[in-house]
Amino acid sequence: MSALSNRNFDRRTALRAALGLAAAGGLAACGGNNGRGGGSGSGTNLVQMFHAYGEAGTEQAIKRYAKAYKEANVTTQWITSADFESKLFSALLTDNAPDLFEFHPQIQMVKSGQVADLTDIIDPVKDDFNPADIKSHTVDGKIYGVRMIDDPQFFFYRKSMLEKAKVDVPTTFDELMEAADKLTTGKVKGLYMGNDLHSVNDTLIWSSGAQHLDEKNQIAYHTDGVVEGLKKMRTLFTSGNLLLGAPTESWDPSSFNQGLCAIQFCGMWAMPAIQDALGDDWGVFPFPKVTDSGKASVYNGGWSMFVNAKGKNVDAAKEYVKWLWIDQKEYQEDWATSYGFHIPPRTSIAETATKLKSGNAAEGVRLFNEFGHFDNIGWTQAMRTAFEDVFANSVRKNMDPEKALDRCDTAVNRELKKLFG
Amino acid sequence: MSTTTKLDLASPATAKASSAKPRRGLRGSPTFTFWLFTGPFLIGLAIFVYAPILWSLWLSFFEARFTVTPDKFVGFDNYTYMLTNDDFVGSLGTFTVFAAFIVPTTWALSLGLALLVNRMRFMRAFFRSVFFLPTAVSYVAASLIWKMSIFSGVRFGLMNTVLGWFGVENIAWLIDPNPPWYWLVIVTARLWLQSGFYMILFIAALQNIPEELYEAAAIDGAKSGWQTFWHITLPQLRATSTAVILLLLVAAYQAFDEFFNLLSKTTWGRPPLMELYYKALGESQDYGAGSAGALILTVLICAVTLLQGKIMGFGRGDESK
Amino acid sequence: MTSTIPKVRKSAPASDTPSRVRRGNGVMSSTGLYIATGVAALLFLIPFYILVRNALSTDAEITGETWKFFPTDIQWGNISELFGDETVPFAQSLWNSAVVATLHTVGVLLVCSLAGYGLARIPYKHANKVFYAVLGTLMVPTAVTFVPSFVLVSSLGWVDTYRGLIIPGLFSGFTCFLFRQYFLGFPKELEEAARMDGLGYWGAYWRVVVPNSLNFFAAMATITFIAGWNAFLWPLVIGQDPSSWTVQVALSSYMTNQTVVFHMIFMATAVSILPLVFVFLFLQRWLVQGIAQTGIKG
């Protein structure tokens, strides 16, 4: 070996070794960074998972409540909304699953043993909850989730634009179509119901006089009324009066606030943002009836707290849910009314929530009570997806609604068979 | 370059190896050395690639809903379900058509760019960089620019603004499937993202074509231009073309990211992976059926690849010389 | 005498002098060539222009009724707004991505080049079977393995760690395949000379093969780094806590937030692309040379 090559060799060896060490060291050093928080709390560590609410201050609020809890150290995972389901569901398969999380009541989570029975903590205050919120979380007499907020969804309209076009607030779907036509001008579209129209899937079923599943958990959405509704939706879709391809989805009031449309389907939560942007130049109305036998409807969505039944700290998690979402009424009201507007599911809180007592907010509460429909716990994610395909196929694409519904039936029946036998 | 190597899958590596005899006992034995070199990779491959594949295979024979440790054996039920599912089978068909379109288009565009750039005297590095830069953009970011700005369906989208100057009404590019404008959006995004990389492969290949071939052709009276392109350049690029087409085919069938971001919640233009995501692997959490579908797709990709290899002579690089 | 090993392959950067400009003169004049390329280049640059324009505009101008080619007032403040945002740790996510992509690149190059060399050069009777087992993994869509991989990595306790982000991605069949193709064409005489010197495969690899293959390593490094930086789905599920988000995950959090703020989204996107542009501009001179040496060529 010449000296030269020896030196090269040594230097290279040293460099390799250094790189290797650095890599190993980096990995080891960062291995402890698992987001589980330091051990400042007393003993138990809990992890809760939330989807990212759009309203400013929401994340800080949830973390503030958690910090006020003394019995356990609660860490929050705040997941952006489009990724929420995939992240929650993949996490639930593992040991790293959150101890508690928010979601909607869906029976497959109960049947597969993913969520814990919360009957014992809810029972004492059951009468203070909106009965519909109890019913939608109950399977075989057991209650599986605590409702945090109810979110009615309906149409928002620009008063000035309707006045200018001499249009009254629509009371039937035909009037809505007519209004959309009259309100459409060069740069403004009459109506926005989301790019994929899926926000109005459920209300279309109800306003056509049907429902998703009947008492025996059999298909009840496949009716002549729904077929008629789908045909009308198709006419509206091709009329050129709908805002389509907007950069934001319908849960975001941006399109309405930016003046891209005169009427938008959105939710109660958006009221503060709309008030900021448009002052008093707006009002709300329910999804109008589609057929003569139908009735106007409002979708009462919302979010509920669930406890991971397979988690390591089921009891501690239940204690926390009880503390925050049952005992701490002050936080519950703050959560429902200080950021976006939501309706508190607790009657006693709803009665004292002053922000919901006047103006459009009060009107929202009225629509919620008069026209509202709640989630059916038997209507699962897979069925939801199947019905979304009906909309995509028969409204956006020109498939015969009967045929699209038949396809949906096949998928839904497969699910029903697996769930109820 | 001093050497020319071939894409010779078929030629056994062992045959090429020197006849060096093991000289220093176990440590020097080729078998030991082979595992010394490949061991770390193969162990990782076994743990992080093969174990999950086998796990999926196992899942596909079970009713695995909301769990990945199922106990209810269902035989081939999941496979029957996926193969009789119109949407899934339909997406396989759609994507065969899509592949038949996007693969030649990307091939032609990358080759075209490579030929242009390769002929430049000045600013060559500049243009090469411009065409390659999109490779550095993630699918997420590109989808965002396409969806929110260029092909947004409202008045402030770039395309609608440009069309507006000619009095054309706003078009909802991604929302209304009639006419199917969404293909324009998908195809332009994909071409923008991908062609630069393949262009680099072609430029590299062009630089390896021996100059003498062109000189000899010139002596034979071949005209510079299309003639030399057809008779020298194209045949010389055969091995590269074969490899590029293989990569493009696999990429076409595995397409997911930009479709997921651009065409969520449609029933059309869904690649098989997106169909699987909606039907099984995503929110519906039917991992048995999902795994079955993914394995069917794997078999299809293998079949198409082998077929392409047979047609284009994959691994017969030597003959193209 | 055992002298220094000759470097036959020079690792010089790609020469920008076209050696064969005269070919194909009949098809297109020089002016035509530049016009055509220029038009194509403009089309390729439009998305970048849009990105920068939107990143430096106000929301009102982005969504306004009339199209503005340039923002009336360039909003440099958008940059500090992005980094000052408390809910998304953007600077942290850039750092995470830099660490992850760098270690990912170092790891992939190390592991896959060794394996590629072993498969290409070391005589072992089952080498081909092993090679086909590697090649087969290219055909399997990641969706097949995604959920089991996640459960597996999670059971190792690697969620929210750099280990979980990096290690499972190191074993790329594709990169191994490219290295094997490259090493098949590596001049054998060089290694044999080195082995005569008593270096063995291991010594010959590090002292002769690697130093003479730096172009190719640089090319692979570019591609691997880009892939590592742009990876999305895996970091999304592994990085549960915002402190372990990569920049792509942070970016998606802007896109899918319930309230869309345009200038923030585009500024975040622009900032996420910038590091790659630099990496590429530095490394691209080796890229063509490196790839010219793979099996993927004419």
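This passage describes a predicted model with chains A, B and C, from one chain to the contacts between them. Residues are numbered from 1 along each chain as its sequence is written, while chains are lettered from A and ligands numbered from 1 in the order in which they are written. Because the model is predicted, local features need pLDDT of at least 70 and side-chain atom pairs count only at pLDDT 80 or more, whereas totals for chains, interfaces and linings use all residues.

Chain B has 15 helices and 0 strands. Helices (H or I, at least four residues) and strands (E, at least two) are DSSP runs, numbered from the N terminus. Of the 321 residues in chain B, 49% are buried. A residue is buried if 20 or more other C-beta atoms lie within 10 Å of its own, exposed if 12 or fewer, and partly exposed in between; C-beta atoms are placed from the backbone. Contacts in chain B between residues at least 6 apart in sequence join residues at least 24 apart in 66% of cases. Two residues are in contact if their C-beta atoms, placed from the backbone, lie within 7 Å.

An unreviewed UniProt entry annotates "transmembrane region" at residues 32-58, 92-118, 125-146, 181-206, 237-256 and 287-307 of chain B. UniProt positions are given in the numbering used here, feature names are shortened, and annotations may be inferred rather than shown by experiment. Residues 32-58 of chain B are 100% helix and 0% strand, with end C-alpha atoms 33 Å apart. Residues 287-307 of chain B are also 100% helix and 0% strand. Their end C-alpha atoms are 30 Å apart.

Helix α7 of chain B spans residues 139-150. It is largely enclosed by the rest of the structure, because 12 of its 12 residues are buried. Among them are B:Tyr139, B:Trp146 and B:Lys147. Elsewhere in chain B, a cis peptide bond joins B:Asn178 and B:Pro179, with omega about -10°. B:Pro179 lies in the loop between α8 (158-165) and α9 of chain B.

The largest nonpolar core has 304 residues. Those with the most contacts inside it are A:Val321, B:Ile200, B:Phe202 and C:Ala268. Helix α9 (residues 182-207) of chain B gives the most to this core, with 16 residues. A nonpolar core is a set of buried Ala, Val, Leu, Ile, Met, Phe, Trp, Tyr and Cys residues joined through C-beta atoms within 7 Å. Leaving aside neighbours within four places in sequence, A:Val321 is in contact with A:Leu100, A:Leu118, A:Ile121, A:Val146, A:Met305 and A:Val307.

The contact between chains B and C takes 100 residues from chain B and 97 residues from chain C. Helix α3 (residues 30-59) of chain B supplies the largest share of the chain B side, 19 residues. By class, that side has 63 nonpolar, 28 polar and 9 charged residues. Ala, Val, Leu, Ile, Met, Phe, Trp, Tyr, Cys and Pro count as nonpolar, Asp, Glu, Lys and Arg as charged, and the others, Gly among them, as polar. Chain B also touches chain A, where 25 residues of chain B are in contact with 27 residues of chain A. The chain B side here has 11 nonpolar, 9 polar and 5 charged residues.

In chain A, strand β1 (residues 45-51) runs parallel to β2, and 7 bridges join them. Two strands pair if DSSP finds at least two bridges between them. A:Asn45 stands opposite A:Asn73 in β2. Strand β1, helix α2 (residues 58-68) and β2 of chain A make a right-handed β-α-β unit. A crossover is right-handed if, with the strands pointing away from the viewer, the path from the first strand over the helix to the second runs clockwise. In strand β2 (residues 73-79) of chain A, 7 of the 7 residues are buried, so this strand is largely enclosed by the rest of the structure. Both of its faces are covered, with A:Asn73, A:Thr75, A:Gln77 and A:Ile79 on one side and A:Val74, A:Thr76 and A:Trp78 on the other.

A:Leu176 is found in helix α8 (residues 173-183) of chain A. This residue is buried, with 23 other C-beta atoms within 10 Å. Not counting residues up to four places away in sequence, A:Leu176 touches A:Pro170 and A:Pro288.

Most residues other than glycine have a negative phi. A:Lys166 has a positive phi, near 55°, and C:Asp160 has one near 65°. A:Lys166 is exposed, with 7 other C-beta atoms within 10 Å, whereas C:Asp160 is buried, with 25.
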